[in-house]
Each structure stands twice: as C-alpha cells, then as structure tokens.
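This report describes how one protein chain is folded. Please look at the sequence and the structure before reading on.

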Amino acid sequence: MLEKDVLVSLRDRLLEEKARLLERYRKKEDTQARIEEEVREPCDLEDIGQMTYTQELLDNLSAREIFLVKEIDHALYKMQAGTYGICEYCGEEIQLERLQAIPWTRYHAHCAEKAEEEGIFPTYPSFNIETPIPEEVELQREDITEA
Ligand SMILES: [Zn+2]
C-alpha cells in the first residue's frame with residue numbers, strides 16, 4: 001500500500017499535469033473565453049480535478065493530450081476507488097519509482113509491453129509535454145513501437 005502522503009503528492013502531480021494540459025489548450029484557443037473562465041476561476045487543484053471539459057475543449061486537444069487527460073482522470077478515479085498503484089495487467093503493486101515518473105501509469109513497464117502485444121489497452125504514446133521524464137525510467141515505448 002502507498003502511504004497517504006505519497007498518494008497525496010502523486011495526486012497533486014496528476015492534478016497539476018491535468019491543469020497544465022488544459023492550460024496548453026487555453027493558450028491555443030482564442031475564442032473560448034467561457035472555458036477560459038472555467039479554467040481560471042477554480043484555482044485550487046481539487047476544483048480542477050472536478051472540472052468537466054466540454055466537447056470544444058476535447059476537439060482542440062491533440063489525440064495525445066486527450067489520451068493523457070483521460071489517463072490522468074482514470075488514475076484519479078482509481079485513487080478514489082482505492083485501486084491506484086495496482087497494475088491492471090497482473091494485479092501486483094507498481095513500483096513507486098514508476099508511479100513517480102508516470103503517475104497515471106496503469107501497468108508495470110513489462111506488463112505494459114504485454115498489454116500492448118495483446119492489444120488490451122494502449123500503452124503510453126511518446127511524450128510531447130514539458131514534463132521531464134527521469135532518464136532511468138523505462139519509458140522508451142516509442143523506440144519499440146515506431147522503430
Ligand atoms: Zn504488472
């Protein structure tokens with residue numbers, strides 16, 4: 001089991017990442033003042049977590065960004081459900097180092113490969129967001145899938 005303070009810090013990182021993705025959208029967008037207000041007003045992370053996104057917002061995010069937002073929401077949901085940090089492929093706990101590198105991950109690195117091979121669920125598309133990924137983490141999925 002993850003300790004509560006670890007879980008809280010991971011949750012905050014998920015919420016921050018989600019806010020950042022939505023912020024990227026906001027910068028791209030020039031006419032959606034209404035959404036801008038929705039994003040700007042609830043400053044605290046809890047509210048951002050609760051925020052629903054409109055179809056326009058989703059239409060303006062890239063597929064990869066939508067994927068990430070959904071994965072983040074999925075991870076937040078699992079935190080509430082008490083299943084966060086459990087690999088969805090094998091049912092064992094995911095290493096904390098991996099969770100800290102990819103807080104929204106569903107799988108162990110090796111299970112992600114299997115899940116992908118079996119077509120169960122997409123693993124992580126190559127990252128194009130500003131978040132630095134620690135080098136020691138095995139996240140080089142694009143090397144395998146796009147080679
Ligand atoms: Zn696993």
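## Terms and basis

A residue is buried if 20 or more other C-beta atoms lie within 10 Å of its own, exposed if 12 or fewer, and partly exposed in between, with C-beta atoms placed from the backbone. A nonpolar core is a set of buried Ala, Val, Leu, Ile, Met, Phe, Trp, Tyr and Cys residues joined through C-beta atoms within 7 Å.

This is a predicted model, in which local features need pLDDT of at least 70, side-chain atom pairs count only at pLDDT 80 or more, and totals for chains, interfaces and linings use all residues. Residues are numbered from 1 along each chain as its sequence is written.

## The nonpolar core

The largest nonpolar core has 16 residues, and those with the most contacts inside it are Leu14, Ile72, Ala75 and Trp104. Two or more residues come from each of α1 (4–28) and α5 (63–81); α1 gives the most, with six residues. Helices here are DSSP runs (H or I, at least four residues), strands are runs of E (at least two), and both are numbered from the N terminus.

Leaving aside neighbours within four places in sequence, Ile72 is in contact with Leu14, Glu17, Lys18 and Trp104. Contact means that the C-beta atoms of two residues, placed from the backbone, lie within 7 Å.

## The whole chain

The protein chain has eight helices and zero strands. Of its 147 residues, 23% count as buried.

## Helix α7

In helix α7 (residues 109–117), the buried residues are Cys111, Ala112 and Ala115. They lie on the same side of α7 because they cover an arc of only 105° around the axis, the arc being that of the directions from the helix axis to the C-beta atoms. The face turned away from this buried side carries the exposed residues His110 and Glu117.
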